[in-house]
Amino acid sequence: MNEIENGIELIWGAEAIAKLIGRSTRATFYMLDNGELPAKKVGGRWVAERGKLLRFFMETAA
């Protein structure tokens with residue numbers, strides 16, 4: 001589920017985050033639980049800003 005708030009696109013849920021980054025849900029949960037991704041848990045659900053996720057992967061690839 002994606003939501004745009006004040007020009008910021010939020011990605012809600014590990015499944016949606018996994019789809020965006022091209023990883024399995026299981027691998028994404030591992031990365032989230034270990035603090036490897038720029039995301040936070042809000043009300044029991046993971047949420048990430050789309051732009052931050054994309055920048056994170058662009059920086060690590062460079």
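In this predicted model, the largest nonpolar core brings together twelve residues: Ile-11, Ala-14, Ala-16, Ile-17, Ile-21, Met-31, Leu-32, Leu-37, Ala-39, Trp-46, Ala-48 and Leu-53.

Stepping back to the whole chain, the protein contains three helices and four strands, arranged along the sequence as β-β-α-α-β-β-α. Of its 62 residues, 29% count as buried. The protein exposes about 4300 Å², and carbon and sulfur atoms supply 53% of that area. Among contacts with a separation of 6 or more, 38% link residues 24 or more positions apart.

Strand pairing can be followed from β4. Strand β2 (residues 8-12) runs antiparallel to β4 and is joined to it by three bridges; here Trp-12 stands opposite Val-47. Strand β3 (residues 39-42) is also antiparallel to β4, with four bridges between the two. In this pairing Ala-39 stands opposite Ala-48, and both of these alanines belong to the nonpolar core described above. A hairpin is formed by β3 and β4, with two residues between the strands. Gly-43 lies in the turn and has a positive phi of about 55°.

Note on methods. Residues numbered from 1 in each chain as written. Predicted model: local features only at pLDDT ≥ 70, side-chain atom pairs only at ≥ 80, totals over all residues. Heavy atoms only, no water. Buried < 20%, exposed > 50% of the residue type's maximum accessible area, 1.4 Å probe, protein only. Contact = heavy atoms within 4.5 Å. Areas by Shrake-Rupley, 256 points an atom, 1.4 Å probe, with all protein chains shown as cover. Core = buried A, V, L, I, M, F, W, Y, C linked by side-chain atoms within 4.5 Å. Pairing = 2+ DSSP bridges.
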